[in-house]
Amino acid sequence: MVYNQFSFLLFLYFCLLSFTSSIPHPCHKDQSISLQKFKHTFTIDPSASHYCPLFHPKTSLWNVNRDCCSWDGVTCDEMTDHVIELDLSCSQLVGKIDSNSSLFQLSHLQRLDLTHNNFSNSHISPEFGRFSNLTHLDLSVSSFSGQIPSQLSYLLQSLRLNPSSETNLRLAAHDFELLLQNLTQLTELDLTGINISSTIPLNFSSHLTSLRFLYLSNCNFRGPIPESLSNLTCLEYLFLDVNTLNGTIPSGIFSLPSVIDLVLSNNHFSGQLEDFKSNSVRWIDLRNNQLQGHLPNSIQNVVNQTWLHLSFNNFCGHMDVSLFSDLKHLWRLDLSYNSISLTNENKVNVTWPESLDTLLLAACDVKELEVLRSAKHLRDLALSNNKLQGRIPDWAWSNWMFSLQHLNLSHNMLTSVNSIPLQYVYTIDLRSNVLQGSLPIPPNTTWFFFVSQNNLSEEIPSSICNTTSLIMLDLARNNLHGEIPQCLGKITALEVLDMCRNNLSGNLPTTFISGSSLRSLNLHGNKLEGKIPRSLANCKELQVLDLGDNHLIDKFPMWLGTLPKLQVLRLRSNELYGSIQPSTIETIFPELRIIDLSYNAFSGNLPTSLFQHLKAMRTIDPSIEAPRYDDARYYQDSITVATKGLEHEILRILYLHTVIDLSTNKLGGQLPSIMGNFIELDILNLSHNGLQGYIPPSFGDLSSVESLDLSGNQLTGEIPQQLVCLTSLSFLNLPHNHFRGCVPQGPQSHTFDNNSYEGNDGLHGFPVSKSCGNDQALDTHFIISGIDD
């Protein structure tokens, strides 16, 4: 009985001990106050976490009535009750951290994660060096800027500082070396995107013997990789891509015993590759360098390899494809844009790795598909810019029917594709071959279908509309004839429809439906007739409309001005007529950057009321960025513009050019001074009309104009002296008008020859004549229509 009582009491004791140990200890009051002060330094902005796949405003849940050790993102030591971890990643914080921040009063911190917030204009304070116990510091993608201090903790094991794309973090070369000397216990170093702008120190590895993760991408490093880097025997991930490193790659890099990912792409490395001796490596990325010679046969020894990316180098010679048969785990192989000739020298059946789903062999001297007969699980196949001829064999379709998703056979010499019996393919690129006959119809799962620059003839079958998933349809530069299927205007997903330079006839489709995704429509260079369909007003996403070089008969479609995103309107070389009437719509063509109405029969005065609305031409927008060409949904629209006296095809038109071309019409009236507001304008062509009056002095404000053509009109008076201020002007064409007086003199005008001024009998001075007399007074009176302005 006594024993049972004792056992029961012992049981209660241990239960009580267990219960009390599970109760969280309250954090120190001073630390709670410091955290609250830190919280109130910031605001919470949902847009500040756009980098995060998941965001959570942790500080908004901090309740002062609860112990701070229970707050979201806060971890305390169970024994001492000090805050030892603070994780506020993706917390939507907006504000500034300076040297007086209460954050630095949390002196016992061991881990600090402030990633994916917006501490704009904050410098990384030397006060971070006060955290003497800190082992993990992550300030990545939080808009810190300025110079990184060297006073960071000696005890750090993980340091991640890679900045946001819009900020500039710098680390002086001396401070970088000092940092490496201090961080002797480091296992992870991520300085991706920080401007260090130096060479990699020769003794880099002497202080970092425990380093496992090294990310130094896009740091503006130059010079060679020091041999000492091969001494980092614990290294698992090495990223030195997007720098300007050069020389040969040290052989020891390929012998690191633990390396898993080796990424040295986008540098200037040269020389030959040494033998691969590491069995642990899975990912090798050496693309965009200047490496040369033969690929070493030892590549087949890298048995765990999943990714081999060697494109855009100078590798050469014959390669037996059986070399890859032993790489059982290989799923991505990219040898494109080298001088490699792929062969099967042993003339035996090659067994490609069953895991291989991406094979990119563009410009690798592949002459036949036979070497791929055993590759049955391909998902992505790119064989563009090779020497493939004839018809795609039937076995290829049966091999890849259920696996292939992206197929690129462009820029070859293929002659026949009768059908494409694939099941789940999303991208088919057959551009620039010699395909003949009728248009092959893609599977109804296809998103992107490119078959331009071939010899396809016959009519476009209406069955093309069964591919209701189409996003881009490119049939340009073929010999297709007949009418455009009306049903194409009903494919809601269709964003790009390019049928330029064919022999298509009949009317344009009139069935563009409400909710259309169409953003680029190019039917230039056909034999289309009739009017411009009013249903195009349903295409609210439309950015590019090119109907030039057809036989359209209509008036100017001012109603297109209601399209909020239209940037390019090209109607040249049609039979359009009438005046370009003023619009009663308050806002029209707000984003228009290119308007080409040349070679029509428009009459009346220049459309001043239209010019008043072209807002995108009046403001230089520094936020406009070059298109992303790695984005599959970006389509490189192209048009032909008359510039500098020649017709020139331009790509990337939404970014590079701003054009007004109303040449070769029957327009009259005077040049409105409001045109001087088009400070974004690159090309202005009003030639071969019936324009009268003077050139307004405001034309001297066209600061971006490169080509100005006013030839073949009835303009009079003197050429304004203000034109000599146009430092971008490289082509000036004023012949066959009635200009008189002195040719303006200045550094820019001396670059133009007599051809710029011929046919103006009243002009004199260089380059028309040797000198300019003083017998004529300057005429400063310019007749400007009050109605036009």
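A disulfide counts here as a pair of cysteine sulfur atoms within 2.5 Å. Keep that cut-off in mind as we look around this predicted model.

**The disulfides**

How many disulfides does the structure hold? There are two. In one of them, Cys465 and Cys487 are joined, with their sulfur atoms 1.9 Å apart. The torsion about their S-S bond is about 75 degrees, so this disulfide is right-handed. This pair ties together distant parts of the chain, 22 residues apart. Cys465 sits in the loop between strand E32 (455-456) and strand E33 (472-474), while Cys487 sits in the loop between strand E34 (481-482) and strand E35 (496-498).

The other link joins Cys69 to Cys76, with an S to S distance of 2.0 Å. Which hand does the link of Cys69 and Cys76 have? It is left-handed, with -95 degrees about the S-S bond.

Cys69 and Cys76 are both buried.

| Cysteine | Relative accessibility | Class |
|---|---|---|
| Cys465 | 10% | buried |
| Cys487 | 25% | partly exposed |
| Cys500 | 3% | buried |
| Cys539 | 0% | buried |

Look at the disulfide of Cys465 and Cys487 again: Cys465 is buried, whereas Cys487 is partly exposed.

**One side of a helix**

Now for helix H3, which runs over residues 173-182. Which residues of H3 are buried? They are Asp175, Phe176, Leu179, Leu180 and Asn182. These residues cover an arc of only 160 degrees around the axis, which puts them on the same side of H3. There's a handy rule behind this kind of pattern. An α-helix has 3.6 residues a turn, so residues three or four places apart point the same way.

What covers the buried residues of H3? Strands E8 (144-147), E9 (158-160) and E11 (188-190) are included in that cover.

**A sheet of four strands**

Further along, you'll find an open sheet of four strands, paired in parallel and ordered E34-E36-E38-E40. Its edge strands are E34 and E40 (551-552), each of which pairs on one side only. E40 pairs with strand E38 (residues 527-530) in the parallel sense, over two bridges.

Technical notes:
Residues are numbered from 1 along each chain as its sequence is written. This is a predicted model: local features need pLDDT of at least 70, side-chain atom pairs count only at pLDDT 80 or more; totals for chains, interfaces and linings use all residues. Side-chain values use heavy atoms; hydrogens and water are left out. Buried means under 20% relative accessible area, exposed over 50%, partly exposed in between (1.4 Å probe, protein chains only). The arc is that of the directions from the helix axis to the C-beta atoms. Contact means heavy atoms within 4.5 Å. Two strands pair if DSSP finds at least two bridges between them.
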